[in-house]
Amino acid sequence: MSAQINKFVSFAIFAALAITSFLIVEPFIGAIFTALLLAFMFKPLYAKINSRIKKPTVVALLVSLIVILLLVIFAIVTLQLTVKQVLDFYTYTQTSDVLAPIKALVAKFTDVDPAQFSFFFDTALQNMTALVVNSINSVILNIPEIALQLVVTFFVMFYFIRDGEEILKYLKSVLPFSESTKDRLVQRFKEITYAVTYGSIVVGIIQGVSAGIGYYI
């Protein structure tokens, strides 16, 4: 009976610690997964540079800094372009009758009042502009939280780039499978991760190019 009580108490303590740890880490889960993905993507770059310099800590630090810098630059440029495009488009709609061709088609093929259509369009445009402005304000107000997420991403990415092989070996050692099964699982995980990661990048590039051509036309 005493052994069962001790086992129950030990399990309860372990469960409480696990739940507490999850609650502590939970706000940073997105940053951690982002760091793991970035570490996986830039591991080949680290390996290539480290094969020449032979300083793992310095190379991992350099690669992590470059990645974070690229993310920050991309976010700033995207934010600036978004603000500029939205404001330019809103200004253009206020100074030009961009709905003239659409009004003509609406009047010709439907019974909708062109004035009512213009009202709905203007309302939708104002709502869209307000949504974008509010989103930008939210980003600006959350800059401290974003900075903290970037710091977490940086440190997790740094350690996984530098010590990823050792971490992987440890995870393999705790898996309750044979060595051949562990190797197959790890290999399949790498293949799936490569396919999903680089497939998403290629699809994103194709979608961006297609959308850019369409918007230009």
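**The largest pocket and its surroundings**

Author: Start with what lines the largest pocket: 16 nonpolar residues, 2 polar and 5 charged. (Nonpolar covers Ala, Val, Leu, Ile, Met, Phe, Trp, Tyr, Cys and Pro; charged covers Asp, Glu, Lys and Arg; the others, Gly among them, are polar.) This is a predicted model: local features need pLDDT of at least 70 and side-chain atom pairs 80 or more, while totals for chains, interfaces and linings use all residues. Numbering runs from 1 along each chain as its sequence is written, and side-chain values use heavy atoms, without hydrogens or water.

Now find the place. The lining has 23 residues in total. Look for Phe 40, Phe 160, Leu 168, Phe 189 and Lys 190, which lie nearest the pocket's centre. (A pocket is an open set of points on a 1 Å grid where a 1.4 Å probe fits, with protein on both sides within 12 Å along at least five of seven lines; lining residues have an atom within 4 Å of a point.) The pocket's volume is about 750 Å³, counted as the space filled by probe spheres set on the points.

(Helices are DSSP runs of H or I, at least four residues, numbered from the N terminus.) The top contributor is α6, with 8 residues.

Stay with α7 for a moment. Within α7, Lys 182, Val 186, Thr 193 and Thr 197 are buried, meaning under 20% relative accessible area; over 50% is exposed, and in between is partly exposed (1.4 Å probe, protein chains only).

Next, compare the second largest pocket. Its volume is about 330 Å³. Its lining includes Leu 71, Gln 80, Val 139 and Leu 150. Here α3 (56-95), α5 (114-141) and α6 each give two or more residues. The largest share, 6 residues, comes from α3. By class, this lining has 10 nonpolar residues, 1 polar and no charged.

Last, the charges. Side chains of opposite charge can pair when their charged atoms come close. The count comes to 1 salt bridge, a side-chain nitrogen of Lys or Arg within 4 Å of a carboxyl oxygen of Asp or Glu. Arg 162 and Asp 163 make the bridge, with their closest N and O atoms 2.9 Å apart. Arg 162 is partly exposed at 23% relative accessible area. Asp 163 is also partly exposed, at 23%.
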